[in-house]
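Let's take a walk through this fold together. Have a look at the sequence and the model first.

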Amino acid sequence: MKDFVKKLEYRTVKPALRALQPWRHVTYGDIRVHYKRYLDGGGSAFGQDYIPLLHDCGMPRQARVFEWCAGPAFIGFSLLGFGLCDTLCLADINPTAVRACRRTIAENGLADRVAIYCSNNLDDIPPGERWDLVVGNPPHFDWSQIGEIRIGDSGWRIHRRFFQTVGRFLKPGGVILIQENNHGSTAETFRPIIEEAGFAIVLIRNAEPRLTPYTRYYYLGIMRQGEKAPEWLITFGKPCG
Ligand SMILES: C[S@@+](CC[C@H](N)C(=O)[O-])C[C@H]1O[C@@H](n2cnc3c(N)ncnc32)[C@H](O)[C@@H]1O
């Protein structure tokens with residue numbers, strides 16, 4: 001009975017209430033980003049830390065950036081709006097998040113610079129896509145919850161599948177720079193998954209070696225094994241002070 005009520009809540013009541021949520025907006029540079037509150041997984045808050053960090057480490061403007069698990073693409077549109085990249089590729093499994101991105105693209109006249117795909121991980125990304133930089137704020141915890149796909153990645157299956165497939169799209173010398181949460185993982189949680197897929201962790205920023213009892217966001221910089229990290233990425237990994 002308890003299970004039935006929970007399923008009813010998450011499969012019927014919550015989606016209906018979410019559909020009624022109003023569209024909200026936030027502006028990055030000259031881009032007005034559309035979203036609903038429940039689509040925000042932190043990209044409008046800690047996700048914005050990317051911008052000053054990438055600016056301050058001297059990252060050259062990237063030709064094409066992919067935002068993995070993009071949601072409304074707060075991070076991607078912010079990189080574009082503040083001139084840190086020329087074009088964007090975005091993907092998310094949630095059709096409403098994709099709808100939000102489409103609204104942003106249409107209102108800001110970005111159809112020639114931004115592509116959006118509704119895709120389970122990278123499954124429906126066209127084979128011709130090529131990325132210089134991948135950013136992302138994926139689900140941060142090794143668990144699952146009915147009706148909530150922003151937070152849980154049970155068994156780290158989403159992460160594993162991502163690393164197994166991203167090599168098809170990443171340009172030679174391309175960089176993956178993702179945000180994780182020390183409350184749910186450490187760099188060592190992902191190292192075997194990353195290395196099995198032929199990649200290497202080239203930078204860890206702001207991480208604790210153990211799980212923390214509180215939220216602490218950290219960055220992992222990842223490249224193909226044997227590739228040399230660019231100077232800007234090395235600088236990104238060395239926080240000042
Ligand atoms: C932590 S939220 C981040 C959302 C947004 N990037 C932000 O920073 O606010 C994680 C996102 O991953 C998406 N997601 C979950 N499972 C996925 C999958 N298998 N493939 C693609 N996206 C997925 C969710 O829909 C959600 O938008």
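Here is a short tour of the sheet, the hairpin and the ligand surroundings.

## Before we start

This is a predicted model, so to speak of local features, pLDDT has to be at least 70, side-chain atom pairs count only at pLDDT 80 or more, and totals for chains, interfaces and linings use all residues. Residues are numbered from 1 along each chain as its sequence is written.

## The sheet

Seven strands make an open sheet in the order β5-β4-β3-β6-β7-β9-β8, with mixed pairing. Strands here are DSSP runs of E with at least two residues, helices are runs of H or I with at least four, and both are numbered from the N terminus. Two strands pair if DSSP finds at least two bridges between them. β5 (114–118) and β8 (199–205) sit at the edges with a single partner strand each, so one side of each has no neighbour in the sheet.

Further in, β3 (residues 62–68) and β6 (residues 131–136) run parallel, joined by four bridges. W68 faces G136 in β6.

## The hairpin

β1 (residues 24–28) and β2 pair antiparallel over five bridges, and R24 has Y35 in β2 as its bridge partner. Two residues separate the strands of this hairpin, and G29 in the turn has a positive phi of about 60 degrees.

## Around the ligand

What surrounds the ligand? There are 22 residues, and the closest are G41, G43, C69, G71 and I93. A residue counts as near if its C-beta atom, placed from the backbone, lies within 6 Å.
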